[in-house]
Amino acid sequence: MAIISVLVGTVRVGRQGIKVAKAVAKSLASRGHEVQLIDPLEQFPSLVAFRGRYSALPSPPADLAEARKLLVRSDAFIAVTPEYNFSYSAAMKSIIDTYFDEWKFKPFGIVSYSMGTYAGVRAIQEMRGLISSVGGVPAATLPIPLVQNNVDEDGQLKQESLVASMDTMLNTLEWYSTALANHRKADPSILPKLE
């Protein structure tokens with residue numbers, strides 16, 4: 001199966017995103033994928049404040065180097081982001097902008113959420129452009145409305161419709177992950193050199 005990194009795009013006190021990331025990670029693990037959680041609050045604090053592209057930093061902090069290793073070995077990504085002011089979070093922007101070649105020719109699932117009924121769909125819309133601009137492939141989406149009611153603290157989805165939507169998103173992401181991995185192997189000349 002694939003190696004999939006789950007990017008946690010929130011660092012706020014009382015954040016709901018960690019519950020959503022747990023739900024995504026559980027769903028991926030149940031399908032046999034290796035899951036790598038990229039959480040700037042708990043694991044990689046240097047990702048919280050954008051310092052410039054990793055490749056341009058004279059001496060990157062150790063946690064950015066460790067996060068990069070996880071990203072390089074990933075076959076796909078799932079960005080978990082709240083919707084803040086009609087867009088994705090600053091933490092998610094910092095994660096994406098810190099790296100560049102690490103995203104190229106790899107698929108992204110986008111899981112958005114909000115405490116309202118719109119479920120962060122505007123964040124999804126904005127994330128598609130961001131992902132494309134760094135060479136990633138926005139492949140599948142899942143908006144989660146009323147996150148405070150629909151996902152528990154352990155990452156359990158409480159609505160069958162959300163479980164079904166998660167399965168649909170992951171089916172699509174798996175298809176893209178396999179297809180793009182096959183193309184990366186067939187023609188590695190187009191790939192950036194990642195050391």
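**Burial, cores and fold of a predicted chain**

Biologist: Is Ser-46 buried or exposed?

Modeller: In this predicted model, Ser-46 has a relative accessibility of 10%. The cut-off for burial is under 20%. Ser-46 therefore counts as buried.

Biologist: Where in the chain is Ser-46 found, and which residues is Ser-46 in contact with, leaving aside neighbours within four places in sequence?

Modeller: Ser-46 belongs to the loop that links strand E2 (34-38) with helix H2 (62-73). With neighbours within four places in sequence left aside, the contacts of Ser-46 are Arg-51, Pro-61, Asp-63 and Leu-64.

Biologist: How many Å apart in space are Ser-46 and Gln-148?

Modeller: In sequence, 102 residues separate Ser-46 and Gln-148. From C-alpha to C-alpha, the separation in space is 28 Å.

Biologist: In what order do the elements of the protein chain run from the N terminus?

Modeller: The protein chain has six helices and five strands. From the N terminus on, their order is β-α-β-α-β-α-β-α-β-α-α.

Biologist: What percentage of the contacts with a separation of 6 or more joins residues 24 or more positions apart?

Modeller: Of the 195 residues, 50% count as buried. Among contacts in the protein chain with a separation of 6 or more, the share from residues 24 or more positions apart is 76%.

Biologist: Which element supplies the largest share of the largest nonpolar core?

Modeller: The largest nonpolar core has 27 residues, and those with the most contacts inside it are Ile-78, Val-80, Val-111 and Ile-144. At least two residues each come from strands E1 (3-8), E3 (76-82), E4 (107-113) and E5 (137-144), and from helices H1 (17-30) and H6 (160-186). The largest share, six residues, comes from H1.

Biologist: How many Å apart are the mean positions of the positive and negative charges?

Modeller: The protein chain carries 20 positive and 19 negative charges. Their mean positions are separated by 3 Å.

Definitions and conventions:
Residues numbered from 1 in each chain as written. Predicted model: local features only at pLDDT ≥ 70, side-chain atom pairs only at ≥ 80, totals over all residues. Heavy atoms only, no water. Buried < 20%, exposed > 50% of the residue type's maximum accessible area, 1.4 Å probe, protein only. Contact = heavy atoms within 4.5 Å. Lys, Arg positive; Asp, Glu negative; His and termini not counted. Charge placed at Lys NZ, Arg CZ, Asp CG, Glu CD. Core = buried A, V, L, I, M, F, W, Y, C linked by side-chain atoms within 4.5 Å.
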